[in-house]
Amino acid sequence: MRARRMTRFWADRRLALKGLVVIALPLAILLGSLVSLYIASNAEARAENDVRRAFAIQRDTYQVHALLAEAAAGVRGYALTGQERFLEPYRKAEADLPLTMDRLDQAIRDREVREHFNRINDLTARKREGLKGIVELARAGNRAAIEPALVSNKIVLDAMRREIDLIQRREGVLLDQRRARVDEVRDRFLLLTAISAIVGLLGSLAAVYLFSTGIVRRVQMLEANAELLARGEALTDLPDDADEIGRLAQRMARASALLRGREQALRESEERFRLVIEEVQDYGIFALDTEGVVTSWNLGAQRIKGWEAEEILGHHFSRFYPEETRGQLPAQMLDRARRDGTAEDEGWRLRKDGSPFWANVVITALHDEHGELRGFAKVTRDMTERRRSEEALRFAREEAIAANLAKTEFLSRTSHELRTPMSAILGFGQLLELDEEQFEPRHREALNQIMKAGRHLLSLINDLLDISSIEAGGAELNMEPIDLGELLQEVHSLAAPIVATAGLKFVLEHPEEPLVAWADRRRVIQVMLNLVSNAAKYNRTGSQVRLACQTRGRDIRVEVEDDGEGVDSTEVSRLFTPFDRLGQQNRAKVDGTGLGLALSKRLVESMGGQIGFEAPEQGARFWFTLPTRAPQRASKRKAEQQAT
């Protein structure tokens, strides 16, 4: 009776408590055993370390004596012969003795051994000083003082030998004690291991018994009821235990009664889902069998395609496709859905009345729980309006491109037509300049205005020709390796008068190493002169213009910087816009066409580089990059030209 009450008490406990008892009991025993083993292992390791330290002390004390003895013999040989080779043991002792003495100092723990070591340390210092003195006497040739010094050093070495012998005897005694301690610890370790194994075995047996009686047998009965529930049969009654397994058995019984009700609710939910699919009107949603035959049809499909359900069910979905794609595209879509799980496409489809519409189509493969293909779900959306908008946008883009090309062609032809009469005007003006001294002042002023305006207009025409040529793809570039250090020096010489006229200092920073870029030499000079000229023209408050270049990754970066007023942050985005002269309302006396930066940008980009602007703390900094090597296609084309 008492045993039954104990069994009932155990069965009513919560699974967490049972699991805790079943797991914690052997685990606690195991942890206790591991802790005991760890303590014993540490004790054994400490004892073994003491033994090893004793051996190390004995070895190092012998080594100290051996080093000094060999050093003394070598010094004696050097004193007698004067040959440097006898000093090798002395030098070796001088190098090794400090390390050996440090190891001994760190290893010694015994107080008595420490006292002997301190005396050895003093004797070692005296011995080394004596040997050093003998070497110095021998080098000085003082033979009379060498012999007493050798005798004195031998006395020191003998005293050291006695101290070392005392250390060896003491360490021998300590070594025997430590070995005995290691054996004692090892014996305790073996006994503790045996006890831990026995206790762990008993604890495991107790845990297995508790686990079997309290959990396993009842779980097996619960598993049998689960199989009955899956087959729809009546469940076996289980004891009304109060733990989780007992409550699970009770809930399983209630689940059996609720199963039919939930199956009915599921059927109703599926019916509602079917109604939702059928009522959707913006998307055509219908099902296909494995061969592509339509098996369901919703109102959205009817609205988009025009067929009633009874007209299309049982027909292949390829009839929605135009004649030119009907033979291959439907089969390809089904194959892609079988392979990838889904297939998406956009293209022209046909309505019932034969009118085309642009559709977005998604076909999804449907598989059962065994992974077998059961059919396809097809979703169609009418995208005709979006298609028309995209077509209109494309036509507008093409028209804009055509207009831009026409503008470029117009500028190119106009520039050519203007250049001929302008050359004539400048030519006649130059002829008049030859007789300028014969003119009255007002006529000379008029002539200067004519030539100034003519040169300005010719510069504008030339810039327009360059921009038009680059935009039309007709700019001729002579791409070759160029030394930028040499090129910067040339630009500095060319632009120095311009900068000096502006009252500024022209600073040239030479590169630290040779920098070779792949570019058109003439065009690079044109860009540099343009940037330096702008810096000189617009630097009204500063003192200098700086020209420099440096390596940046795989490119070379050229910088032109001034310390003037700089550029307003609101105007930076317009810097490289043709004919846009920023802030010109405040600079009425500054000449320019407004094309310099725009032309520089196109020239740099045509050579494979980039150009930009940075705002330092004071002034403005324009930069552009050039590649250090030719693109692969350009190199190949140049090699072919050289070969021909």
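Predicted model: local features only at pLDDT ≥ 70, side-chain atom pairs only at ≥ 80, totals over all residues.
Figure 1. The rings of Trp348 and Trp358 form an edge-to-face pair, with 5.1 Å from centre to centre and 85° between the planes. The pair links distant parts of the chain, since Trp348 belongs to strand 2 and Trp358 to strand 3, and the two residues are ten residues apart.

**Figure 2. Trp297, Phe320 and the aromatic residues grouped with them.** By the rule used for rings, the count comes to seven aromatic pairs, and one of them is formed by Trp297 and Phe320, a tilted pair with 5.8 Å centre to centre and 35° between the planes. Trp297 lies in the loop between strand 1 (284-288) and helix 7 (299-305), while Phe320 lies in the loop between helix 8 and helix 9 (323-326), so the pair ties together parts that are 23 residues apart in sequence. Trp297 and Phe320 are both buried. Together with Phe286 and Trp307, Trp297 and Phe320 make up one aromatic cluster. A charged residue also takes part in this view, as Lys305 lies over the face of Phe320, at 4.2 Å from the ring centre.

Figure 3. Side chains of opposite charge can pair when their charged atoms come close. Glu311 and Lys352 meet through their side chains in a salt bridge, at 2.8 Å from N to O. This pair links distant parts of the chain: Glu311 is in helix 8 (residues 309-312), and Lys352 is in the loop between strand 2 (342-350) and strand 3 (356-367), 41 residues apart. Glu311 is partly exposed, with a relative accessible area of 30%, and Lys352 also counts as partly exposed, at 43% relative accessibility.

Figure 4. Because Arg546 lies in strand 8 (residues 544-552) and Glu509 in strand 6 (residues 505-509), the pair ties together parts that are 37 residues apart in sequence. Arg546 is buried, with a relative accessible area of 13%, whereas Glu509 is partly exposed, with a relative accessible area of 36%. Through salt bridges that share partners, Glu509 and Arg546 are joined with Arg557, Glu559, Glu561, Glu614 and Arg621 into one network.

Figure 5. Helix 4 has 30 residues and reaches 44 Å from its first C-alpha to its last, which is close to the 44 Å expected at 1.5 Å a residue. The side chains of Glu115 and Arg111 meet in a salt bridge, at 3.3 Å from N to O. Being four residues apart in helix 4 (residues 111-140), Glu115 and Arg111 are separated by about one helical turn. An α-helix has 3.6 residues a turn, so residues three or four places apart point the same way. Glu115 counts as partly exposed at 37% relative accessibility, and Arg111 is exposed, with a relative accessible area of 63%. The buried residues of helix 4 include Val113, His116, Phe117, Ile120, Leu123 and Lys127. Just after helix 4, Gly141 takes a positive phi of about 80°.

**Figure 6. Phe624 and the largest nonpolar core.** The largest nonpolar core has 42 residues, and those that touch the most other members are Leu484, Val524, Met528, Leu547, Phe622, Phe624 and Leu626. Helix 14 (residues 521-538) gives the most to this core, with eight residues. When its neighbours within four places in sequence are left aside, Phe624 is in contact with residues including Val524, Val527, Met528, Leu531, Ile556 and Arg557. Apart from this core lies another, of 35 residues, among them Val64, Tyr78, Ile146 and Ala149.

**Figure 7. Thr100, a buried residue of helix 3.** Thr100 has its place in helix 3 (residues 88-107), and at 1% relative accessibility Thr100 counts as buried. Leaving aside neighbours within four places in sequence, Thr100 is in contact with Asp60, Gln63, Val64 and Leu67.

Notes. Residues numbered from 1 in each chain as written. Heavy atoms only, no water. Salt bridge = Lys/Arg side-chain N within 4 Å of Asp/Glu carboxyl O. Buried < 20%, exposed > 50% of the residue type's maximum accessible area, 1.4 Å probe, protein only. Core = buried A, V, L, I, M, F, W, Y, C linked by side-chain atoms within 4.5 Å. Contact = heavy atoms within 4.5 Å. Phe/Tyr/Trp six-rings, centres within 6.5 Å; stacked < 30°, edge-to-face > 60°. Lys NZ or Arg CZ within 6 Å of the ring centre and 35° of its normal. Expected span 1.5 Å × (residues − 1).
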